[in-house]
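Notebook open, viewer loaded. I'm jotting down what I look up as I go.

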Amino acid sequence: MASPARPEKRQGSGIESDDRAAGSAEPIYLRHRYHGELGQLLREYYTDVLDQPMPDRLLRLIEQFRQKEQNK
Amino acid sequence: MTEPSPFCFADELVVAMPSLRAFAVALSGNVTTANDLVQETLLKAWSHQNLFQPGTNFKAWLFTILRNTYYSQYRRSRREVLDTGKIADGRCVSPNQPSHMDMIEFKTALQALPVDQREALILVGAEGYSYEEAASITGCAIGTVKSRVNRARVRLARTLEMVNVDELGADWSSRAVVGKLQR
């Protein structure tokens with residue numbers, strides 16, 4: 001089975017301030033802030049979990065869903 | 001002009017599964033529990049797919065289901081087991097790599113965070129959700145999410161003895177918080 005698509009990486013080097021968005025209708029984003037050592041560890045940790053293979057029981061469940069969709 | 005492809009529920013579940021599982025691992029601290037959580041989430045999503053509003057964020061909808069399942073069942077029944085060793089040592093880095101110990105320490109520190117702070121940090125810092133999106137998923141105010149993220153980062157920095165504020169990659173408000181702590 002093909003590996004499922006992974007979420008886009010959100011790495012960046014800029015620091016976006018909360019304050020910049022204050023008073024703005026724009027959503028406040030934290031994206032691209034985590035560029036320090038802590039951010040790197042967090043990304044490494046999360047990427048590792050994302051990359052772990054899916055257990056068979058979950059893949060089988062999806063297959064059952066697919067069959068049900070096809071039988072509709 | 002091509003028409004948008006029809007929404008295939010099972011396909012969308014497959015796409016979201018790795019993130020769901022990663023979030024479940026971060027929440028529960030246990031791989032087996034995380035797999036159970038994802039399985040229940042998939043089943044609930046499938047049986048309630050009529051409740052999903054097309055055009056809205058499907059993955060965020062799944063995250064909400066998973067989170068609610070965790071809080072209503074797993075955490076209450078105290079099935080949460082901190083099994084950082086198994087998770088931590090899974091596949092992250094080879095023991096020979098210099099960063100191996102750093103990662104083990106990081107995972108231990110992450111799992112030691114209060115779960116509300118941990119989930120906020122994962123949603124915003126790892127999944128890349130905005131404060132607003134994370135607030136929607138967790139059912140709390142944006143300010144609460146911001147506060148939890150900041151507290152999580154400060155606590156991690158303390159635990160990991162990151163004295164330099166820059167190591168946090170912090171925003172202005174986090175710098176202010178850390179600055180107060182360092183005085």
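Predicted model: local features only at pLDDT ≥ 70, side-chain atom pairs only at ≥ 80, totals over all residues.

**Entry 1: chain A overall**
I looked up the secondary structure of chain A and got three helices and zero strands. Read from the N terminus, the elements go α-α-α. Then I checked burial: of the 72 residues in chain A, 32% are buried. The accessible surface of chain A is about 4400 Å², and carbon and sulfur atoms account for 46% of that area.

**Entry 2: a helix pair in chain B**

Which residues make the contact? From helix 3 of chain B I listed Phe63(B), Arg67(B), Tyr70(B) and Tyr71(B); from helix 6 of chain B, Val115(B), Asp116(B), Glu119(B) and Leu123(B). Sorted by type, the contact residues are five nonpolar, no polar and three charged.

**Entry 3: Asn35(B)**
I clicked on Asn35(B), which sits in helix 2 (residues 31-47) of chain B. Is Asn35(B) buried or exposed? Its relative accessibility is 8%, and the cut-off for buried is under 20%, so Asn35(B) counts as buried. I then looked up its contacts, leaving out residues up to four places away in sequence. Asn35(B) touches Pro55(A), Arg57(A) and Leu58(A) in chain A, plus Arg21(B) in chain B.

Definitions and conventions. Residues numbered from 1 in each chain as written. Chains lettered and ligands numbered in written order. Heavy atoms only, no water. Helix = DSSP H or I, 4+ residues; strand = E, 2+ residues; numbered from the N terminus. Buried < 20%, exposed > 50% of the residue type's maximum accessible area, 1.4 Å probe, protein only. Areas by Shrake-Rupley, 256 points an atom, 1.4 Å probe, with all protein chains shown as cover. Contact = heavy atoms within 4.5 Å. Nonpolar A, V, L, I, M, F, W, Y, C, P; charged D, E, K, R; others polar.
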